[in-house]
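This report goes through selected parts of one protein model. Please look at the sequence and the structure before reading on.

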Amino acid sequence: MEGEGECSDNPFTSVMTLTKMRVPHVPQRYVLPPSQRPNLTLDLTTTLPIVDLSTLHHASQRSLTLDTIQGACKELGFFQVVNHGIPLPVIHDALAAATEFFNLSLEEKMTLLSDNVHNPVRYGTSLNHASDKVHYWRDFIKHYSHPISDWIHLWPSNPPSYKDKMGNYAKAVQVLHKQLMEAILETLGLNFGNLQKEIEEGNQLMAINCYPACPEPDLTLGMPPHSDYGTLTVLLQSGPGLQLQDNKKKWLSVPFVEGALLVQLGDQIEVMSNGQYKSVVHQVTLSAENKRLSIASLHSLPINKKIGPAPELVDEQHPVSYNEFSFRDFLDYISSNDIADKRFIDSIKKSV
């Protein structure tokens with residue numbers, strides 16, 4: 001049957017295949033325990049911070065905009081950005097390239113199948129189909145993207161326009177990420193110049209996700225609650241589905257804003273800020289009617305660069321709260337741990 005393949009002796013079935021088969025119910029391996037199932041009735045009118053990035057270039061407005069960013073980083077670890085400098089056609093082209101990729105035949109996509117988290121390009125389903133105890137309603141393609149000249153030759157050759165369309169978006173987001181990091185470090189009172197080299201030479205991983213319509217969206221998730229490992233994740237989405245947890249552990253649905261990009265703080269910022277800012281815990285809910293695509297650009301410092309709390313943010317009242325870690329440490333952690341069970345950042349927090 002189309003949809004069955006092998007990787008490391010584990011059977012592989014993509015969610016796109018299940019969708020094409022028109023399964024009336026989600027298979028048992030996708031069904032979450034009742035306590036972990038999503039609340040699909042959350043209010044979509046929730047007001048979440050939206051930052052107009054063009055105001056950073058106006059001296060009279062910059063201070064107020066930085067205050068908004070600081071408040072969002074402290075309260076939520078999340079904000080949306082508009083007037084971010086990435087043209088709508090580039091955004092639409094990236095989503096079109098993602099659509100075309102996931103519509104390829106399974107045979108074509110299987111050439112990139114891997115369950116090795118260290119591979120620079122890998123296609124898969126769920127989190128890691130080879131080891132997940134519970135599966136999640138997601139197919140994905142992930143690839144390293146910076147510097148793009150080092151990686152683009154490994155990207156999918158089909159669809160033919162994929163490298164061009166996704167590459168243009170990846171390069172634009174890399175520029176945006178640097179601008180965002182400069183602003184966020186300024187709100188912490190840190191000197192961007194001290195980290196500029198590491199930020200410019202850091203890692204960019206593009207995770208392109210497909211969440212097909214699900215026959216029973218109240219029983220499963222596209223992604224479990226988790227935080228991202230890096231500095232920032234810049235997320236492009238084709239529609240609603242993302243939920244994030246506020247500082248009272250309450251879930252909020254993120255409304256869809258055409259042309260806006262979502263900025264999520266990752267574990268490296270939480271550690272660097274010594275806990276002043278928190279990496280945002282988020283999950284992905286599903287729809288019975290609509291497929292959702294997202295393109296997450298995950299940014300981190302260079303793979304072997306150890307990051308700890310900034311010395312400027314440590315004193316007697318604010319002792320060091322985290323051990324140092326690198327992106328490689330995170331990859332090693334998820335190779336042998338299930339992030340649905342325990343967040344990586346909890347493993348590096350110092351005991352009080």
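This is a predicted model: local features need pLDDT of at least 70, side-chain atom pairs count only at pLDDT 80 or more; totals for chains, interfaces and linings use all residues.

## The eight-strand sheet

Eight strands form an open sheet in the order E3-E4-E12-E9-E14-E7-E6-E5, and their pairing is mixed. E3 and E5 are the edge strands, each pairing on one side only. On average, neighbouring strands of this sheet are turned by 25° against each other, direction ignored. In general, strands of a sheet pair through backbone hydrogen bonds, in a parallel or antiparallel sense.

At the E5 end, the pairing can be followed strand by strand. E5 and strand E6 (residues 139–144) run antiparallel and are joined by five bridges. Within this pair, Gly-124 stands opposite Phe-140 in E6. E6 is in turn joined to strand E7 (residues 203–211) by six bridges, again in an antiparallel arrangement. Here Lys-142 has Ala-207 in E7 as its bridge partner.

## Strand E5 at the edge

Is strand E5, an edge strand, buried or exposed? Five of the five residues of E5 (residues 121–125) are buried, so the strand is largely enclosed by the rest of the structure. In a regular strand, side chains alternate between the two faces of the sheet. In E5, Val-121, Tyr-123 and Thr-125 point one way, while Arg-122 and Gly-124 point the other way, and all of these are buried.

## The four-strand sheet

A second open sheet has four strands in the order E8-E13-E10-E11, with antiparallel pairing. Strands E8 (223–226) and E11 (251–253) stand at its edges; each has a single partner strand, so one side of each is left without a neighbour in the sheet. Neighbouring strands here are turned by 20° against each other on average, with direction ignored.

E8 pairs with strand E13 (residues 282–284) in the antiparallel sense over two bridges. In one of the residue pairings, Met-223 has Val-284 of E13 as its bridge partner.

## Helix H2

Helix H2 (residues 59–75) has 17 residues, which at 1.5 Å a residue should span 24 Å; the end C-alpha atoms are 25 Å apart, which agrees. The buried residues in H2 are Thr-65, Leu-66, Ile-69, Ala-72 and Cys-73. Seen down the helix axis, the buried residues of H2 fall within an arc of 125°, so they line one face of the helix. An α-helix has 3.6 residues a turn, so residues three or four places apart point the same way.

The face of H2 turned away from the buried side carries the exposed residues Ser-60 and Leu-64. What covers the buried residues includes strand E3 (50–52), strand E4 (78–82), helix H6 (162–187) and strand E12 (261–265). E3, E4 and E12 are also members of the eight-strand sheet. After H2 comes Gly-77, with a positive phi near 70°.

His-84 lies in the loop between E4 and helix H3 (88–102). Its relative accessibility is 8%, so His-84 counts as buried. Which backbone atoms does the side chain of His-84 approach? A polar atom of this side chain lies 3.2 Å from the backbone nitrogen of Ile-86, and the side chain reaches the backbone oxygen of Gly-259 at 2.7 Å. Leaving aside neighbours within four places in sequence, His-84 is in contact with Leu-53, Ile-91, Leu-176, Gly-259, Ala-260 and Leu-261.

Gln-174 is placed in helix H6. With a relative accessibility of 12%, Gln-174 counts as buried. Not counting residues up to four places away in sequence, Gln-174 touches His-146, Ile-199, Glu-200, Gln-204 and His-299.

## Ser-347

Ser-347 is found in the segment after helix H9 (327–336). At 32% relative accessibility, Ser-347 counts as partly exposed, whereas His-84 and Gln-174 count as buried. A polar atom of the Ser-347 side chain lies 2.5 Å from the backbone oxygen of Phe-344. Apart from neighbours within four places in sequence, Ser-347 is in contact with Tyr-333 and Lys-342. Ser-347 is 277 residues from Gln-70 in sequence, and the two are 26 Å apart in space, C-alpha to C-alpha.

Conventions:
Residues are numbered from 1 along each chain as its sequence is written. Side-chain values use heavy atoms; hydrogens and water are left out. Two strands pair if DSSP finds at least two bridges between them. Axes are lines fitted to C-alpha atoms, for helices over the stretch in contact, and angles run from 0 to 180 degrees between N-to-C directions. The expected span of a helix is 1.5 Å times one less than its number of residues. Buried means under 20% relative accessible area, exposed over 50%, partly exposed in between (1.4 Å probe, protein chains only). The arc is that of the directions from the helix axis to the C-beta atoms. Contact means heavy atoms within 4.5 Å. A polar contact is a pair of N or O atoms within 3.5 Å; within protein, one must be able to donate a hydrogen and the other to accept it, and residues adjacent in sequence count only if both atoms are side-chain atoms.
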